[in-house]
Amino acid sequence: MEQIIQVTILGIGLGGVFALMGSGLSLVFGVMRIVNLAHPSLIIAGAFTAYWGFRLWGIDPLVMLPVATVLLAAIGVLLYKVFFERNAKSATYSEMTVLLTFAIAMIIEGALGAMFSNTQRVTSPSYATDAFFIGNVFIPKGQLYAGLVSMLIIGLLAAFLKYSRLGYAIRATTQNRDAAALLGVNVNMVGLMSFAIGIGLAGAAGALTSFVFSFFPAKHWEWIAVLMSLVVMGGMGSIVGTVIASFGLSIIAAFVGAYVGSTWSTMTFFLALFLVLLFRPQGLFGEKPELL
Amino acid sequence: MESQMIKSTSGDVLSARAAHNERLARRADKTRALWFPLAILVLLLALPLLQFVGNYNYMLHLVLLTASYVAMAAGWNILGGFAGYVSLGHNVFFAIGGYFAGMILARFGISAIIMAPVAGLVAAAFGYAIGLITLRVRGPAFIISSIAMVMIARLLFDNWHFVGGANGVTLPAPNLSSQWAKLPYYYAMLAIAALTVWSSYRIKHSKFGLGLRAISKDEIKAESAGIDTRFYKVTAFAISAFFIGMTGAVWGEYLTYIRPSIFLVILIAANMVLMCILGGKGTVAGPVIGAVLLVAFNEFFVAMMGASELNILGTGLIMAVMLMFFPLGIVGTLALKGRLPRILNWD
């Protein structure tokens with residue numbers, strides 16, 4: 001029993017971080033219909049920001065989080081301006097943007113690798129290796145803090161989407177781009193803003209990741225399929241769905257890791273991705289088959 | 001009486017159409033410079049003669065590497081170019097071919113060059129089965145599922161003890177002097193590359209290829225026009241896996257070891273895609289030109305900078321520039337402008 005609680009807690013801890021990683025991806029897809037394969041590499045860029053803040057000046061990664069967010073949001077604006085604005089009317093838009101983001105992922109990986117080399121790194125503030133004990137069950141502090149902060153950020157994002165004017169515009173554009181444009185929403189501006197927010201969320205997720213996982217520039221390939229499984233399962237574009245899928249799959253993965261073998265825990269995500277694509281391509285919470 | 005008349009007129013129509021098509025084909029043949037690829041092939045077949053006068057192993061290696069990429073890119077092109085299903089996971093079949101032939105070589109000592117067609121068939125069988133599953137979705141969903149395919153394969157091969165896990169298996173090296181050691185693989189790879197390009201030409205000019213092109217333009221219309229799209233797509237997937245599997249078989253023995261980190265890295269899949277985009281997706285000459293250019297570029301980059309990270313950066317940059325400004329690739333863009341030199345018109 002104790003072990004079951006323990007495994008569940010570890011799964012929830014991971015789920016919190018994955019939820020933040022996936023929600024930015026989901027937002028970008030919802031508004032722009034871009035499957036952003038570069039998202040994990042941007043998360044790594046955010047992790048490097050937090051890492052160097054801690055290494056050089058001893059700034060806590062949680063304090064570096066806003067810095068990483070703003071920095072990555074600026075990179076997002078740049079990427080949008082350079083790569084995506086001009087292609088919005090192309091006929092093979094969705095397929096082409098996938099390849100384009102794949103190329104961007106390689107560019108970012110190459111740039112990070114050339115600057116910082118491909119060694120394993122982890123930010124190590126004091127809480128990263130510490131834990132709370134309740135009886136025999138332990139809660140790792142790093143994962144707890146990361147999960148709480150990411151829940152806070154997702155809560156803010158949800159409130160922003162629900163109550164602010166830009167949030168209305170973003171949701172309207174997600175639902176129907178043409179209708180939103182007809183009603184006077186500046187869809188290009190909304191696209192730019194949501195792209196910046198989505199990439200900014202990648203930066204925030206990166207800062208949290210930097211003390212939860214060890215990372216190196218080439219690691220983003222391992223995360224692409226994991227994040228895709230969360231977003232596809234949640235229904236592309238649905239942030240609530242992504243969050244639920246993150247917690248659900250992370251808990252299952254934790255159980256697979258504990259009872260089958262730790263090497264197989266990531267298999268949970270890949271198999272889930274395959275099964276969802278096959279049997280319910282619109283995802284658990286998606287309304288219509290977007291990708292078909 | 002009446003039905004017989006219809007039969008005879010329809011026969012006339014068919015023969016007239018056949019004659020017309022023949023004329024069109026003859027005219028197309030005149031603008032095509034078939035001698036050019038054949039001349040290159042003959043030149044490359046004679047290239048090892050240089051070994052008599054000096055040591056040109058590096059040059060042979062480069063040609064061999066280019067040939068392997070030509071075979072892989074042209075194989076990928078059958079699915080990604082003709083049918084329009086972009087796969088970022090085709091190195092899985094490279095791995096399947098390499099591992100199948102490599103394990104046979106390690107266990108029974110049968111050379112991978114002899115086993116290459118069998119390895120190709122094994123890869124094609126896997127391709128058929130995987131295609132039945134993943135080709136149910138299209139567009140971005142298919143691309144995502146192809147990446148997941150690589151991840152699953154990597155996890156399986158890394159943890160499969162029979163094939164050595166992450167450390168892989170060392171294969172016996174051939175018993176030849178270093179001067180001639182590369183030759184069997186050189187000729188094998190050249191043969192595979194030539195076969196792949198020739199097959200892709202034949203496929204493009206067949207009814208099957210026409211169906212694939214219809215699928216890439218508009219799958220729903222193709223389906224309603226009576227094309228069995230599912231069978232066509234899955235078959236194209238299996239055929240492209242066949243050629244890539246054969247390449248993997250020879251490549252594994254050439255390297256004398258098989259290991260997940262050689263076959264199942266995403267850069268190889270990215271290279272296949274990039275070569276086709278660079279040269280021109282859906283053309284016969286495109287993958288060949290893309291492969292030659294990319295191998296040359298990589299060698300230049302490694303020689304100049306020496307760092308694989310910059311190599312990844314450069315690959316990404318070329319891919320982004322091509323996608324943004326020349327999505328049709330070199331052959332496609334030139335053909336669109338009517339400036340395609342005759343020697344590059346292989347379609």
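**Entry 1: a helix in chain B**

I began with the buried residues of α13(B), which are B:A285, B:G286, B:P287, B:V288, B:I289, B:G290, B:A291, B:L294 and B:V295. By buried I mean that 20 or more other C-beta atoms lie within 10 Å of a residue's own; 12 or fewer makes it exposed, anything in between partly exposed, and the C-beta atoms are placed from the backbone. Helices (H or I, at least four residues) and strands (E, at least two) are DSSP runs, numbered from the N terminus.

I then looked up what these buried residues pack against, and found α3 (57-82), α7 (183-204), α12 (266-279) and α15 (329-337) of chain B. For contacts I used C-beta atoms, placed from the backbone, that lie within 7 Å. Helix α13 covers residues 285-304 of chain B, 20 residues in total. From first C-alpha to last α13(B) reaches 28 Å, close to the 28 Å expected at 1.5 Å a residue; the expected span is 1.5 Å times one less than the number of residues.

**Entry 2: what kind of model this is**

A reminder to myself: this is a predicted model, in which local features need pLDDT of at least 70 and side-chain atom pairs count only at pLDDT 80 or more, while totals for chains, interfaces and linings use all residues. Residues are numbered from 1 along each chain as its sequence is written, and chains are lettered from A and ligands numbered from 1 in the order in which they are written.

I checked pLDDT, the predictor's confidence in each residue, from 0 to 100. Chain B has a mean of 86, and 96% of its residues reach 70 or more. Where pLDDT is low, the predicted coordinates should not be read in detail. For the complex, the predictor gives an ipTM of 0.83 and a pTM of 0.86.

**Entry 3: chain B as a whole**

I found 15 helices and two strands in chain B. Its radius of gyration is 21 Å, close to the 20 Å from the globule rule for 347 residues, so chain B is as compact as a globular protein of that length. The radius is taken over C-alpha atoms, and the rule is 2.2 Å times the number of residues to the power 0.38. Buried residues make up 49% of chain B.

Is α2(B) largely in the open or largely buried? The number buried is one of its twelve residues, so α2(B) lies largely in the open.

**Entry 4: both ends of α10(B)**

I looked at B:T229, which is found in helix α10 of chain B. B:T229 counts as buried because it has 20 C-beta neighbours inside 10 Å. Leaving out residues up to four places away in sequence, B:T229 touches B:I215, B:E219, B:A222 and B:E223.

Next came B:T256, in the loop between α10 and β2 (257-258) of chain B. B:T256 has a positive phi of about 65° although it is not a glycine. With 14 other C-beta atoms within 10 Å, B:T256 is partly exposed.

**Entry 5: where the chains meet**

**Entry 6: chain A**

Chain A has eleven helices and two strands. Its radius of gyration of 19 Å agrees with the value near 19 Å that a compact globule of 292 residues would have. Buried residues make up 53% of chain A.

Strands β1 (residues 131-134) and β2 (residues 137-140) of chain A pair in the antiparallel sense over four bridges; pairing needs at least two bridges found by DSSP. A:F132 has A:I139 in β2(A) as its bridge partner. The hairpin has two residues between the strands, and A:G135 takes a positive phi near 65° there.

My last stop was A:G30, found in helix α1 (residues 2-32) of chain A. A:G30 is buried, with 25 other C-beta atoms within 10 Å. Its C-alpha atom is separated by 8.5 Å from that of A:R171, 141 residues apart along the chain.

Note on methods: Two residues are in contact if their C-beta atoms, placed from the backbone, lie within 7 Å.
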